Amino acid sequence: MSEIYIVADNIVSPIGVTTGENFSQLTHQVSAIKLQNNTTLSPESFYAALFNSDSPYRKEDETYTAFEQLLIASISEALQNSGLPAGDKRTILIISSTKGNINLLENHSLHKPTHERIALPTSAKLIKQHFGLYHQPLIISNACISGLLAILTAKRLIASGQYDHVLVAGADIISKFVLSGFQSFQAISPEPCKPFDKERQGITLGEGAATVILSRERKNTDNIKIMAGAVSNDANHISAPSRTGNELAYIIKKAIKDSGLTANDINLVSAHGTATLYNDEMEAKAINEAGLGSVPTNSLKGYYGHTLGAAGLIETIISVRSLQEGIILPTKGFEKSDPSAQLTVADNFIREPLQNCIKTASGFGGCNAAMLFSKQ
């Protein structure tokens, strides 16, 4: 089996435009979540992690939408750091997003050109042309596991021998369509989200983009290896998660087994941790069932909100940086343990040598993903 490494990465968020800037902000407990008074998105105030209205990432031009500009900015920075040629025949791009340009429905009439422009393959074609890519990008859009699933797909493409390098980029922006959908579920928290907290009241949405570049070549790496990953589905409900957590637990255990490690080797669990009542409870059951209940666990949603198709990528990059720096970040918003979600939730900084991290994600339709990363 080929050894596959992360050779470069980038995060573009409301608190930074490089991975270094983002991680520095998190070590100072800076959150992107603010009270928003944006009547174009909602008639009522709401908490979210959004780019400012004057940000270049919220503007459109004749060629690229805000969503596409976010992707381009993140991919550009990661490519520059990697030293890899984008147009190489052995390189391909995977784009991860849950909604893409869905906001165009709010500002454009429903005619054929809009239908074509709103499609993710259209964005993929434009980005291919921008970077001079040899291959048409692949698209992963599978609810909130999209980012992790894209990384797993990239790993499999390299392991199969089809490619030597894969760019994985994800982004989502918050539109009225997206926000109103979560509001209709009564899933939006009236305060900044509180993952795994006894008093949690729901999610906080966020926007951003992230890119990781995977390669079979070890040069230019920081010795972060992608060990294993797996996906599953609850086959339970279109929006509600499994009440047992068995399906997520299964793939956590599978990822650990396939990596050749044991539960005792895991130093950090980077949880999905959306702060909804049932997701956190399900995830806690799964983590415990997988034998990781005593392992420090955190959620980054209190800093970024739920960034949808970018979440798995942003949170993977931060977790990898945690391995490199030997710092486990606290779960912002967590104060009181929930008897129904018993975990070793990191509520303060933990500074110690770290080697292995499990990243989990779950989403609508019952999808689950788990990936294991290791510092070599």
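Modeller: Starting with β4, the side chains of Thr91, Leu93 and Ile95 point one way from the strand while Ile92, Ile94 and Ser96 point the other way, and all of them are buried, where buried means under 20% relative accessible area, exposed over 50% and partly exposed in between, with a 1.4 Å probe and protein chains only. Strands here are DSSP runs of E with at least two residues, and helices are runs of H or I with at least four, numbered from the N terminus. Before going further, note that this is a predicted model, in which local features need pLDDT of at least 70 and side-chain atom pairs count only at pLDDT 80 or more, whereas totals for chains, interfaces and linings use all residues. Residues are numbered from 1 along each chain as its sequence is written, and side-chain values use heavy atoms, with hydrogens and water left out.

Colleague: Which strands does β4 pair with?

Modeller: β4 runs parallel to β6, joined by six bridges, and β4 also pairs with β5 (residues 138–140) in the parallel sense over three bridges; two strands count as paired if DSSP finds at least two bridges between them. As for individual partners, isoleucine 92 is bridged to valine 166 in β6, and serine 96 to isoleucine 140 in β5.

Colleague: Where does tyrosine 163 lie?

Modeller: Tyrosine 163 lies in the loop between α6 (146–159) and β6 (165–172), and its relative accessible area of 12% makes it buried. Leaving aside residues up to four places away in sequence, tyrosine 163 touches Lys89, Arg90, Thr91, Ile92, His135, Leu157, Ile158 and Arg216, contact meaning heavy atoms within 4.5 Å.

Colleague: Switching to α7, which of its residues are buried?

Modeller: In helix α7 (residues 176–184) the buried residues are Val178, Leu179 and Phe182. Viewed down the axis of α7, these buried residues fall within an arc of 95 degrees, so they line one face of the helix; the arc is that of the directions from the helix axis to the C-beta atoms.

Colleague: What do they pack against?

Modeller: The buried residues of α7 pack against β3 (46–49) and β7 (205–206). Those two strands belong to an open sheet of three strands in the order β2-β3-β7, with mixed pairing. In that sheet β2 (34–36) and β7 stand at the edges with a single partner strand each, so one side of each is left without a neighbour in the sheet. β2 and β3 run antiparallel and are joined by three bridges, and leucine 35 has tyrosine 47 in β3 as its bridge partner.

Colleague: How many aromatic pairs does the search find?

Modeller: The search of the whole structure finds three aromatic pairs, where rings of Phe, Tyr and Trp (its six-membered ring) pair if their centres lie within 6.5 Å, and planes under 30 degrees apart count as stacked, over 60 as edge-to-face and the rest as tilted. One of them joins phenylalanine 182 and phenylalanine 364, a stacked pair at 6.0 Å centre to centre with 20 degrees between the planes. This pair links distant parts of the chain, with phenylalanine 182 in helix α7 and phenylalanine 364 in the loop between β14 (356–363) and β15 (367–375), 182 residues apart.

Colleague: Is phenylalanine 364 buried or exposed, or in between?

Modeller: Phenylalanine 364 counts as partly exposed at 39% relative accessibility. Its ring also pairs with that of phenylalanine 185, with centres 5.5 Å apart and planes at 35 degrees, so the pair is tilted. Ring pairs link Phe182, Phe185 and Phe364 into a cluster, in which phenylalanine 182 counts as buried at 13% relative accessibility, while phenylalanine 185 is partly exposed at 48%.

Colleague: Last one: what volume does the largest pocket have, and what lines it?

Modeller: The largest pocket has a volume of about 490 Å³ and is lined by 23 residues, of which Ala187, Ser239, Pro241, Thr276 and Phe364 lie nearest its centre. The largest share of that lining, three residues, comes from α9. On a 1 Å grid over the protein atoms alone, a pocket is an open set of points where a 1.4 Å probe fits, with protein on both sides within 12 Å along at least five of seven lines, and lining residues have an atom within 4 Å of a point. Grid points are joined across faces, edges and corners, and the volume is the space filled by probe spheres set on the points.
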